[in-house]
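Here is a friendly walk through one protein model, from its sheets and helices to its charged pairs. Keep the viewer open as you read.

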Amino acid sequence: MAILECKDLVLAYDGVTVAEDISFEVGEGDYLCIVGENGSGKSTLMKAILGLLRPVSGEIILGEGLQRREIGYLPQQTDIQRDFPASVQEVVLSGTLARGGFRLFYSAEDKKQAMENMRLLGIDGIAGSCYNELSGGQQQRVLLARALCATRKLLLLDEPVSGLDPVVTAELYDLLRTLNREQGIAIIMISHDLSAIAGAATHVLHLHHRVEFFGTKDAYSSSAAAQAFLGRDKQ
């Protein structure tokens, strides 16, 4: 059963088409990697899924009772975000606000959920630490815990290992694999890291302003789209 389906999407900025003829679906428990060159429409597609960009045409269908506010999102980090002066617990707790509604205070349930997610990602011991004093890997765990406060169904991640060293990258991929396989959370991840595909991914969507390939990871490895992409990556 599809948790998300995109049909014949056309996406544009200021009247200029960025991507078109975009059709694919994500099932419960899928792990989809979106690959392609810079400027090929990957981040634009993610914004459309999040409801931050209205498609010119086509439709995005959420299934299995999923609502947009229940989608967890881990964006690319900026320097300003890395210097955010708040405690780990405060950052993680802010993820509960995605569920909507104006609240002056966090509820006991919000705080319980935040602590459970911090425990799950191994950061409960630094809950009182200042976010801007953490390492890059710790910050990504905090932001992932924050995203989990919004969802138990679907996570969207935009280049989550950008700027991280190989050891921390491997640890983050292990965490995502656990969330996908043991927690049953579907994942859509934009990545330039081909090892991400070789690892936990179940499906691949290759974009170059339109869908060059959509299918299983195994089928992608022998596709013309993959060979061309790998060839460009080695140049």
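## Starting with a charged pair

A salt bridge here is a side-chain nitrogen of Lys or Arg within 4 Å of a carboxyl oxygen of Asp or Glu. Please keep in mind that this is a predicted model. With that in hand, look at Asp174 and Arg177: they form a salt bridge, and their closest N and O atoms are 2.6 Å apart. Both residues belong to helix H6, where three residues, about one turn of the helix, separate them.

How exposed are the two partners? Asp174 has a relative accessible area of 41% and is partly exposed, and Arg177 is partly exposed too, at 23%.

## The six-strand sheet

Now to the sheets. One of them is open and built from six strands in the order E5-E6-E7-E3-E8-E9, with mixed pairing. Its edges are strand E5 (71-74) and strand E9 (211-216), each of which pairs on one side only. From one strand to the next, the twist averages 15°.

Both kinds of pairing can be found here. E5 and strand E6 (residues 154-158) run parallel and are joined by four bridges; Leu74 has Leu157 in E6 as its bridge partner. E8 and E9, by contrast, run antiparallel, with five bridges between them. There, His206 stands opposite Phe213 in E9. The hairpin of E8 and E9 has three residues between the strands, and His209 takes a positive phi near 70° in this hairpin.

## The three-strand sheet

A further open sheet has three strands in the order E2-E1-E4, and its pairing is antiparallel. Why is one side of strand E2 (16-27) and of strand E4 (57-62) left without a neighbour in the sheet? Both stand at the edges with a single partner strand each, so there is no neighbour on the remaining side. Neighbouring strands of this sheet are turned by 15° against each other on average, direction ignored.

Strand E1 (residues 2-13) runs antiparallel to E4, and five bridges join the two.

## Helices across the strands

Which helix lies across E1, E2 and E4? That is H1, which runs at about 120° to E1. Helix H1 (residues 42-50) also lies across strand E3 (31-35), E5, E6, strand E7 (186-190) and strand E8 (203-207), and its direction is at about 150° to E6. H1 therefore lies across strands of both sheets described above.

Helix H5 (residues 136-148) lies across E5 and E6, running at about 165° to E5.

In total, the structure holds four salt bridges. One of them brings together the side chains of Glu20 and Arg210, at 2.6 Å from N to O. Glu20 lies in strand E2 and Arg210 in the loop between E8 and E9, so this pair ties together parts that are 190 residues apart in sequence. Glu20 counts as partly exposed at 29% relative accessibility, as does Arg210 at 34%.

Another links Glu171 with Arg141, whose closest N and O atoms are 3.9 Å apart. Here the partners are 30 residues apart, with Glu171 in helix H6 (residues 166-181) and Arg141 in helix H5. Glu171 has a relative accessible area of 36%, so it is partly exposed.

Notes. Residues are numbered from 1 along each chain as its sequence is written. This is a predicted model: local features need pLDDT of at least 70, side-chain atom pairs count only at pLDDT 80 or more; totals for chains, interfaces and linings use all residues. Side-chain values use heavy atoms; hydrogens and water are left out. Two strands pair if DSSP finds at least two bridges between them. Axes are lines fitted to C-alpha atoms, for helices over the stretch in contact, and angles run from 0 to 180 degrees between N-to-C directions. Contact means heavy atoms within 4.5 Å. Buried means under 20% relative accessible area, exposed over 50%, partly exposed in between (1.4 Å probe, protein chains only).
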